[in-house]
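Please walk me through this structure, one feature at a time.

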Amino acid sequence: MKDIALNGELIARAAHLEGKRLALLLPSLLPVGGVETVALSRSRLLCDLGLRVDLLFVNEPNATQDWLPTGARCINFGSGRLRHVVRPLRRYLIEERPDAVVAAMWPLTSLAVVAHKLARSRARLVTSDHNVLSVQYRNKSKVSRAMLRASIAATYSLADARIAVSIDVKNDLARLSGLPPQRFDVVQNPLPLVVDDGPASNAAEAAWGVPPGKRILTVGRLKAQKNQKLLIDAFRLLEADAHARLMILGTGELEDELRNYISAHGLASRVLMPGHVDQPVDYYKSADLFALTSDAEGFGNVLLEALACGLPIVSTDCPGGPREILADGAYGRLVAMNSAAAFSDAIKQGLEQGADPNRQRQRAEQFSLAATTTRYLDVVFPAARH
């Protein structure tokens with residue numbers, strides 16, 4: 001991968017921003033997921049470029065010093081509930097007077113707008129959403145869905161800018177808010193890991209076990225939206241290779257349920273669940289194919305990771321970023337949702353036909369940290385373009 005610090009356009013943009021204070025507001029940091037990974041990688045680069053970065057957390061009970069980029073400040077409001085963040089955030093805005101604030105993920109985005117107005121802050125306020133909210137909340141109560149729509153409609157127009165990580169997220173937010181789509185800016189997530197040319201680590205190789213069959217990998221939090229049960233069902237239909245193995249990398253609220261589901265179908269020796277791995281690149285490098293069976297993905301950072309490791313990819317054609325990342329299927333197979341048979345067939349084809357690793361990696365490089373951060377700064381500090 002190219003050295004991100006050598007991107008001339010980004011350096012020129014950042015030259016006008018040295019010393020500016022940018023605050024990034026998140027619910028918490030640990031365990032680090034997709035949104036947190038993006039925030040940390042961007043913060044690290046922006047600190048290197050001379051900006052002052054504050055990472056603000058509604059409530060983070062764990063020690064964060066090993067995760068923070070050099071030069072970034074961590075401010076933990078310690079609010080027991082999300083809605084309780086308004087008062088400490090208002091105080092922060094008055095006392096610290098940042099130049100810009102980016103608030104990630106509804107309802108924190110709407111609460112940030114309220115705090116910003118109460119503080120009469122001059123900071124540029126940007127909301128940032130990473131999921132197709134109408135899909136994420138479709139199984140919630142009518143009251144919850146009404147609150148989602150009403151709060152977004154009431155607050156998003158008051159922000160200075162609104163970031164969506166994909167076109168689907170942008171269009172969904174436009175419908176929820178009543179604002180025209182052009183009032184939203186698409187800033188795609190950056191490739192979240194660095195891939196070297198070396199072999200996979202011994203730990204990753206050992207995690208797969210001895211049998212020489214094909215290796216299918218998925219990475220993500222174990223929750224309903226990721227629909228790992230669909231992948232397990234698709235894997236069960238791979239009868240041609242009795243030694244094939246599926247690895248589900250991640251932790252979450254459905255861990256016990258998924259383990260029981262695997263055991264109930266006699267797959268405990270072939271479906272592996274090693275838990276969460278902070279640096280999963282070696283697990284991608286040791287796999288033969290990457291699979292994603294989500295019901296919705298705001299973007300899909302794991303697809304970028306799989307591309308960067310040169311893997312063939314099979315993904316559900318779900319709302320969000322997969323179709324955008326895979327360029328309508330040019331860089332991976334897109335499968336209709338909720339069909340284990342169709343997904344299994346796509347896995348078979350992907351394993352048989354493979355993919356050109358160099359072509360996959362070139363696609364991943366189009367989402368480099370430098371390129372996406374240049375776009376990010378255009379939205380957060382638009383005056384720096386001139």
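Asn 338 sits in the loop between S13 and helix H14 (340-353). The model is a predicted one. Phi of Asn 338 is near 65°, a positive value in a residue other than glycine. Most residues other than glycine have a negative phi, and most peptide bonds are trans. Asn 338 counts as exposed because its relative accessibility is 57%, and the cut-off for exposed is over 50%.

Met 105 also has a positive phi, about 75°, although it is not a glycine. This residue belongs to the loop between S4 and H4. Met 105 is partly exposed, with a relative accessible area of 24%.

That loop, between strand S4 (100-104) and helix H4 (108-119), also holds Pro 107. The peptide bond joining Trp 106 and Pro 107 is cis, with omega about 10°. Another cis bond runs from Leu 30 to Pro 31, with omega near -5°. Pro 31 is placed in the loop between strand S1 (21-26) and helix H2 (34-48).

Now back to S13 and its sheet. Six strands make up an open sheet, ordered S10-S9-S8-S11-S12-S13, with parallel pairing. Strand S10 (271-275) and strand S13 (333-335) are the edges, and each pairs on one side only. From one strand to the next, the twist averages 20°. Strands of a sheet pair through backbone hydrogen bonds. Leu 249 stands opposite Gly 275 in S10.

Next, a helix pair. The axes of helix H9 (residues 228-236) and helix H10 (residues 255-264) come within 11 Å and cross at roughly 15°. Angles under 35 degrees count as roughly parallel, so H9 and H10 are roughly parallel to each other. Their crossing is right-handed.

The side chains come last. There are four aromatic pairs. In one of them, the rings of Phe 299 and Phe 367 have centres 6.1 Å apart and planes at 65°, so the pair is edge-to-face. Phe 299 lies in the loop between strand S11 (289-292) and helix H12 (301-308), and Phe 367 in the loop between helix H15 (357-365) and helix H16 (369-380), so the pair ties together parts 68 residues apart in sequence. Phe 299 counts as buried, at 2% relative accessibility. Phe 367 counts as buried too, at 3%.

Charges also meet rings. The charged end of Arg 359 sits over the ring of Tyr 331, 4.2 Å from its centre. The charged end of Arg 162 sits over the ring of Phe 184, 5.9 Å from its centre.

Terms used: Residues are numbered from 1 along each chain as its sequence is written. This is a predicted model: local features need pLDDT of at least 70, side-chain atom pairs count only at pLDDT 80 or more; totals for chains, interfaces and linings use all residues. Side-chain values use heavy atoms; hydrogens and water are left out. Two strands pair if DSSP finds at least two bridges between them. Helices (H or I, at least four residues) and strands (E, at least two) are DSSP runs, numbered from the N terminus. Axes are lines fitted to C-alpha atoms, for helices over the stretch in contact, and angles run from 0 to 180 degrees between N-to-C directions. Rings of Phe, Tyr and Trp (its six-membered ring) pair if their centres lie within 6.5 Å; planes under 30 degrees apart count as stacked, over 60 as edge-to-face and the rest as tilted. Buried means under 20% relative accessible area, exposed over 50%, partly exposed in between (1.4 Å probe, protein chains only). A charge sits over a ring if NZ of Lys or CZ of Arg is within 6 Å of the ring centre and within 35 degrees of the ring normal. Angles under 35 degrees count as roughly parallel, over 145 as roughly antiparallel, 65 to 115 as roughly perpendicular and the rest as oblique. A crossing is left-handed if the near helix is turned anticlockwise from the far one by less than a right angle, and right-handed if clockwise.
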